[in-house]
Amino acid sequence: MKIKQGIFGFVVLTSLSCTAYAEILADQTMPNGDPSIAYPQICIRTNRTPEKTDMAPIIKKADEVANQFPPEDYINRSRAVMTHLTKEFGSGKFGHTWINVFHDRIGTNTPSSYSYREGKGYVKNNSQDSPTRKFHLQRCVHLKSPQKQIKILEQVIVPELNMASYFAGLAMGVPNADPQNGVYTPIHNCAWFGGIVWNVMMQEEHVFAQPFNGAAHANVWGMPFMKAVKSIYEPGMIAEGLKKAGSR
């Protein structure tokens, strides 16, 4: 299985317009998955309503943070912007996206979870991504060859994503970058991980990212590598993609 990869991760190009930031809404709970879907099953979940995040105020604040330093001081500019953006995206105020796998209807076999988290990168069976966590939208699909599919998830997809985020983290100057678990960044966040895992495993093509002109901010932020970034995955776009797919 081959995943198409850009220089700093996986990118999706879209031409969608940006709307206002939507609230987080966690109004459903299905601790054993969706009983209307055959088991075992895999679910992508998010606690965001289906409206893409308004990136304008985040970008404006990043510009202000960068401009506290001289234009030629790329090191401090980039560090300040990365700290700001990572804190914003990792705070949870834009929502969260995660993957759950349910093995049977009554939960005899403990469900699994997969996600990316700020300060950790890739995490499996993290308590904050438990099957009892409330969500707003989800899409669940029956795993017809569970052993093979989970093996592909854990031994092919996850390692490739972790390496992509690791190398990008090195370019971004993220301290203590770990190739084993990858690196959480504003670009390599929970929606990036969950959205790509879902599309690759299910062979679907949901648009889970909104356009972002990285080249327009690369010099201001002291981040030349941003010129390669053309989109950003975020939970609001995950919710939009799931809604369009008729998920509930």
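Where is Asn-125 found in this structure? Asn-125 sits in the loop between strand 4 (121–124) and strand 5 (137–142), where helices (H or I, at least four residues) and strands (E, at least two) are DSSP runs numbered from the N terminus. The structure is a predicted model, in which local features need pLDDT of at least 70 and side-chain atom pairs count only at pLDDT 80 or more, while totals for chains, interfaces and linings use all residues. Residues are numbered from 1 along each chain as its sequence is written, and side-chain values use heavy atoms, with hydrogens and water left out.

The average pLDDT, the predictor's confidence in each residue from 0 to 100, is 87 for the protein, and 91% of the residues score at least 70. Over residues 1–21, however, pLDDT stays under 50. For that stretch the model has 62 contacts (heavy atoms within 4.5 Å) beyond four places in sequence.

Next comes the backbone. Most residues other than glycine have a negative phi, and most peptide bonds are trans. Asn-125 is not a glycine, yet its phi is positive, at about 55 degrees. With 45% relative accessibility, Asn-125 counts as partly exposed; here buried means under 20% relative accessible area, exposed over 50%, and partly exposed in between (1.4 Å probe, protein chains only). Gln-203 also has a positive phi of about 55 degrees without being a glycine. The loop between helix 4 (190–202) and strand 6 (209–211) holds Gln-203, which counts as exposed at 61% relative accessibility. A cis peptide bond, with omega about -5 degrees, joins Tyr-39 and Pro-40, and Pro-40 belongs to the segment before strand 1 (41–46).

Helix 1 (residues 56–66) shows how a helix can have a buried side. Its buried residues are Ile-58, Ile-59, Ala-62, Val-65 and Ala-66. These residues lie on the same side of helix 1 because they cover an arc of only 120 degrees around the axis, the arc being that of the directions from the helix axis to the C-beta atoms. Helix 2 (74–90) is included in what covers them.

Side chains of opposite charge can pair when their charged atoms come close. The structure holds 4 salt bridges, each a side-chain nitrogen of Lys or Arg within 4 Å of a carboxyl oxygen of Asp or Glu. In one of them, Asp-129 meets Arg-117 at 2.9 Å, N to O. Asp-129 lies in the loop between strand 4 and strand 5 and Arg-117 in strand 3 (residues 112–117), so this pair ties together parts 12 residues apart in sequence. Both Asp-129 and Arg-117 are buried. Lys-124 and Glu-154 form another salt bridge (2.8 Å, N to O). This pair links distant parts of the chain, with Lys-124 in strand 4 and Glu-154 in helix 3, 30 residues apart. Lys-124 is partly exposed at 38% relative accessible area, and Glu-154 is partly exposed at 28%. Glu-204 pairs with Arg-139, their closest N and O atoms being 2.7 Å apart. Glu-204 is in the loop between helix 4 and strand 6 and Arg-139 in strand 5, so the two tie together parts 65 residues apart in sequence. At 19% relative accessibility, Glu-204 counts as buried.
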